[in-house]
Amino acid sequence: MNRYFAIVASVVCCIGSIAAADCTEDHVHLSGAWGSARFQVEVMDDAAERARGLMHRPHLGKFSAMLFVYERERPLSFWMKNTLIGLDILFFDGAGRLVNIRADAIPGDATPLRSTGPAQYVLEINAGLAAALKMGPDTVLSHARLAGGEKTPGCV
């Protein structure tokens with residue numbers, strides 16, 4: 001738990017500097033009543049990239065994530081087969097609103113982890129981080145790919 005406290009403290013210290021950040025292809029911004037956070041991302045936007053995801057990687061940096069982009073909203077399902085690190089899997093609709101979180105996904109587990117409604121974007125972050133940041137149902141994802149190139153809430 002100390003690891004997550006350090007992560008939360010780091011995010012809280014950075015909130016002021018990310019509030020006015022531009023949305024770029026290599027970063028996402030998450031915000032809600034809990035505050036905000038910025039993650040460096042790899043974007044997976046084709047079938048081969050999405051199928052590979054974070055498989056076989058030994059670690060994920062503290063403020064690193066993987067963003068899966070789909071052409072349209074639909075029910076989505078992920079699994080942890082060949083994934084070596086625990087993850088929180090966040091599902092977002094086409095407007096970037098949080099649909100649901102599958103927290104603490106178990107490395108190597110082939111059990112399907114489904115969205116509870118249609119989703120178009122999925123963000124994978126380190127396991128336990130969503131809870132440590134106290135992310136809630138009002139969480140919004142901002143990224144250059146959302147809103148057809150228009151600025152989203154975390155973009156200026």
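A salt bridge here is a side-chain nitrogen of Lys or Arg within 4 Å of a carboxyl oxygen of Asp or Glu. By that rule the count is five. This is a predicted model, where local features need pLDDT of at least 70 and side-chain atom pairs count only at pLDDT 80 or more, while totals for chains, interfaces and linings use all residues. Residues are numbered from 1 along each chain as its sequence is written, and side-chain values use heavy atoms, with hydrogens and water left out.

**Salt bridges**

- E25, D45 and R145 join up in a network of salt bridges.
- R145 pairs with E25 at 2.8 Å, N to O, and with D45 at 2.7 Å, N to O.
- D45 sits in the loop between strand 2 and helix 2 (47-52) and R145 in the segment after strand 9, so their pairing ties together parts 100 residues apart in sequence (strands are DSSP E runs of at least two residues, helices H or I runs of at least four, numbered from the N terminus).
- R145 is partly exposed at 30% relative accessible area (buried is under 20%, exposed over 50%, partly exposed in between, with a 1.4 Å probe and protein chains only).
- Elsewhere, R97 bridges to D93, with the closest N and O atoms 2.9 Å apart; R97 is partly exposed at 48%, whereas D93 is buried at 10%.

**Nonpolar cores**

- The largest nonpolar core has 22 residues (buried Ala, Val, Leu, Ile, Met, Phe, Trp, Tyr and Cys joined through side-chain atoms within 4.5 Å).
- Its largest share, four residues, comes from strand 2.
- A second, separate core of 17 residues includes M44, L60, M66 and L76.
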